[in-house]
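The sequence and the structure are shown first.

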Protein chains: 2
Amino acid sequence: MKDLDPLPITPDFDVWPVTHAITAARTVDGDVEVTWDDGAVCRYHRLLLAENDPAPDILHPLSRETLLSPIDFPADLAATAAQACGNGALEVTWSDGRAPSRFHPGWLRAHGWFGTPPAAPEPVLWTAEDLPEPPAFDGPEALADPAVFLAWLKALRDYGVARLYGLPQEDGLLEAVVQRIGVIRETNFDRVFTLAIKDDPDSNAYTPHALPLHMDLGTRECPPGLQFLYTRANTTTGGEGLYADAYRVAEDLRASEPATFAALTEIPWEFNNRSKTSAYRATGPVVELDTAGRIRAVRYTTWLRAPMVAPLDVQDRAYRAVRRFADLLHSPRYMMQVTYRAGDLFAFDNRRALHGRNGYDAKGGERFIEGVYSDRDELHSAIRILERKALAAR
Amino acid sequence: MKDLDPLPITPDFDVWPVTHAITAARTVDGDVEVTWDDGAVCRYHRLLLAENDPAPDILHPLSRETLLSPIDFPADLAATAAQACGNGALEVTWSDGRAPSRFHPGWLRAHGWFGTPPAAPEPVLWTAEDLPEPPAFDGPEALADPAVFLAWLKALRDYGVARLYGLPQEDGLLEAVVQRIGVIRETNFDRVFTLAIKDDPDSNAYTPHALPLHMDLGTRECPPGLQFLYTRANTTTGGEGLYADAYRVAEDLRASEPATFAALTEIPWEFNNRSKTSAYRATGPVVELDTAGRIRAVRYTTWLRAPMVAPLDVQDRAYRAVRRFADLLHSPRYMMQVTYRAGDLFAFDNRRALHGRNGYDAKGGERFIEGVYSDRDELHSAIRILERKALAAR
């Protein structure tokens with residue numbers, strides 16, 4: 001055993017606690033097998049190790065990004081020896097005579113295969129019966145305390161909708177809060193949009209009409225994953241906010257009405273916007289599945305759904321499924337109703353928690369709601385960074 | 001026949017020339033069958049007609065968006081009569097006694113089903129042998145003449161890369177050009193990024209190192225579809241731009257090495273960025289197919305590819321496929337090499353035309369390249385609007 005200190009850097013800036021020690025290491029057909037102190041055994045591919053070697057000629061020490069591509073390694077590269085070092089690192093020797101590579105044991109353990117994929121946070125599906133209103137957090141507290149801010153973000157991630165309340169009235173506050181999470185996504189409705197009545201509305205959102213449950217910007221290849229609505233004033237009559245968990249409705253349909261679920265997941269609709277200055281179009285099923293069959297997004301807005309150019313029987317299946325989906329979405333079991341109060345900031349997953357509003361009396365008071373879009377990427381990144389900081393501080 | 005003039009509005013702002021006349025219309029089981037003057041017959045679903053009725057209580061006359069959801073129509077709604085009017089419109093009468101609906105014949109023809117889906121522009125795949133350099137357009141001409149600007153955009157859409165040359169050196173020009181297309185996509189690298197050497201680089205892009213072919217921001221659920229690089233100055237030695245059509249490489253692999261193609265399309269990789277302040281992650285196969293099996297995007301950056309946590313045999317298949325893909329991408333058959341000159345503006349599809357650069361001598365001169373991201377949606381929308389204007393002007 002070599003006595004090396006300190007441990008090598010990892011090919012990232014994450015924190016990898018050393019929870020297990022390497023008890024044995026050997027090469028098997030040019031790859032590396034590691035046995036851990038809990039008896040677990042896992043094999044690491046030679047190229048996984050080679051390209052994640054933290055040596056400065058392979059991994060840029062400042063960016064921590066690999067400088068080499070798989071084609072920069074010899075085609076017949078093989079690990080020829082492997083051993084645990086005195087500081088707990090793994091050392092690997094190579095067939096082409098390059099310098100031995102050393103790996104951080106915490107990082108190595110976290111990237112081993114132990115028979116199942118690493119666990120990822122799963123959405124917590126809800127009906128309006130078990131979640132009558134969105135998880136709510138004191139706004140000023142969330143802005144002052146990173147732990148409360150993180151709790152808000154995790155509620156948004158898990159439930160698809162979460163609210164701050166009691167925020168002060170400040171121009172620019174909405175942007176500032178969202179930028180604490182990440183990057184704002186601009187659209188043709190500008191960086192910050194104001195939900196108010198326009199003389200020449202380029203969306204029904206800018207009328208006082210009721211809006212059934214929908215997402216925004218389903219006309220994009222990848223619609224914004226996050227939407228934030230900050231109520232500055234609301235003294236009108238009506239205009240209550242409506243929310244439903246479209247994942248929950250879709251999962252319930254998967255279980256109870258497989259033909260409806262199949263039509264929602266298989267038949268593509270085009271969505272297009274109606275505007276004099278833009279013509280966005282995107283095509284996809286109402287419920288989008290990943291390769292493992294999990295729901296990863298919905299695409300649903302009645303007034304942006306384009307006429308379907310398809311055989312009549314396909315149209316009929318599609319319309320029946322959409323009608324059934326909409327029926328359930330708007331039923332008391334699934335749809336929550338909320339009142340927007342000055343100082344509220346609603347955050348929701350635009351591709352999961354469909355939103356809408358009751359119509360309102362445009363002459364009955366003031367209604368001033370600001371909105372901003374962002375993407376799920378920003379939310380997940382912010383949660384990881386806050387969790388990394390908390391882990392590093394332990 | 002009723003004599004009505006003018007024709008009803010359409011449920012959008014597009015131009016729908018009347019190319020065919022309705023010779024007969026009738027209802028069939030509550031839907032509508034239309035016979036056209038060329039003998040074509042097509043059937044329209046009752047709900048397609050009902051929700052696209054341009055009457056102002058159904059379609060907001062200013063936003064041209066439908067105010068009603070399928071659930072707002074009676075479940076047993078049926079068309080009870082259909083006829084052509086004197087002005088060429090179709091008139092439909094309804095079972096629930098609501099006012100008859102009238103439809104523009106150009107719009108109706110365009111949304112009929114004639115046995116095949118409507119044609120959509122297909123990418124023109126290329127190798128560096130048949131396309132040794134990107135389609136190029138005179139920059140000042142393109143900015144002055146909408147027809148040249150449109151030609152540039154269509155080349156970008158079709159080839160995945162297209163260049164303007166001879167642009168003046170102006171601060172803000174890049175943003176202004178991209179905003180003529182659509183909305184800029186901000187990222188953690190800011191709204192406009194400058195490719196220069198940073199002391200504490202948060203990406204290998206900010207070093208003078210060579211960069212193998214890659215996309216930017218493959219760490220996002222939906223990476224930016226467009227990238228624009230505007231050369232302000234380039235007198236360094238080296239640093240040539242590299243481009244390859246990853247769709248073409250993938251299609252060639254589909255034809256010649258199905259096992260490699262399967263590994264590229266089926267095995268998900270995680271991509272993660274390495275940063276002190278952000279932790280973006282996205283997972284997907286290197287080559288992403290749509291439900292019809294067409295390639296719709298690639299996800300490929302060596303230095304953002306995360307260690308794969310998977311059984312060794314899956315890793316081995318994945319590494320072999322990536323290595324083969326990278327080998328082909330960087331071969332003379334597929335990779336074009338270009339010199340960035342002051343006044344060049346390269347536009348490319350970040351999810352199709354992979355880009356890279358040779359290393360450069362940081363002390364050998366000045367290198368100042370500005371970049372901006374946007375999305376494919378913006379490109380397609382801009383093309384449609386320019387085409388709509390050209391059609392309306394005829």
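In this predicted model, α9(A) is the element that gives the most to the lining of the second largest pocket, with 6 residues. Helix α5 (173–181) of chain A, like α9 (376–393), supplies at least two residues of that lining. The pocket holds about 460 Å³ of space, and of the 25 residues that line the second largest pocket, A:Ile385, B:Ser275, B:Lys276, B:Thr277 and B:Ser278 lie nearest its centre.

The contact between the chains takes 88 residues from chain A and 88 residues from chain B. Together, chain A and chain B bury about 7,800 Å², with 54% of this area on carbon and sulfur atoms. Of the area that chain A buries against chain B, 10% comes from A:Glu65, A:Arg274 and A:Arg323, which is more than any other three residues supply.

Across this interface the rule finds 12 salt bridges, and A:Arg376 forms a salt bridge with B:Glu221 in which the closest N and O atoms are 2.9 Å apart. Polar contacts between chain A and chain B amount to 33 residue pairs, counted where both residues have pLDDT 80 or more. On the side of chain A that touches chain B, at least two residues each come from β3 (41–44), α1 (46–51), α2 (105–110), α8 (312–329) and α9, and α8(A) gives the most, with 8 residues.

The classes of residue in the two sets are as follows.

Definitions and conventions
Residues numbered from 1 in each chain as written. Chains lettered and ligands numbered in written order. Predicted model: local features only at pLDDT ≥ 70, side-chain atom pairs only at ≥ 80, totals over all residues. Heavy atoms only, no water. 1 Å grid on protein atoms, 1.4 Å probe; cavity = no way out; pocket = protein on both sides within 12 Å on 5 of 7 lines; lining within 4 Å. Points joined across faces, edges and corners; volume = space filled by probe spheres on them. Helix = DSSP H or I, 4+ residues; strand = E, 2+ residues; numbered from the N terminus. Contact = heavy atoms within 4.5 Å. Buried area = accessible area lost by both parts, 1.4 Å probe. Salt bridge = Lys/Arg side-chain N within 4 Å of Asp/Glu carboxyl O. Polar contact = N/O pair within 3.5 Å; in protein donor to acceptor, adjacent residues only side chain to side chain.
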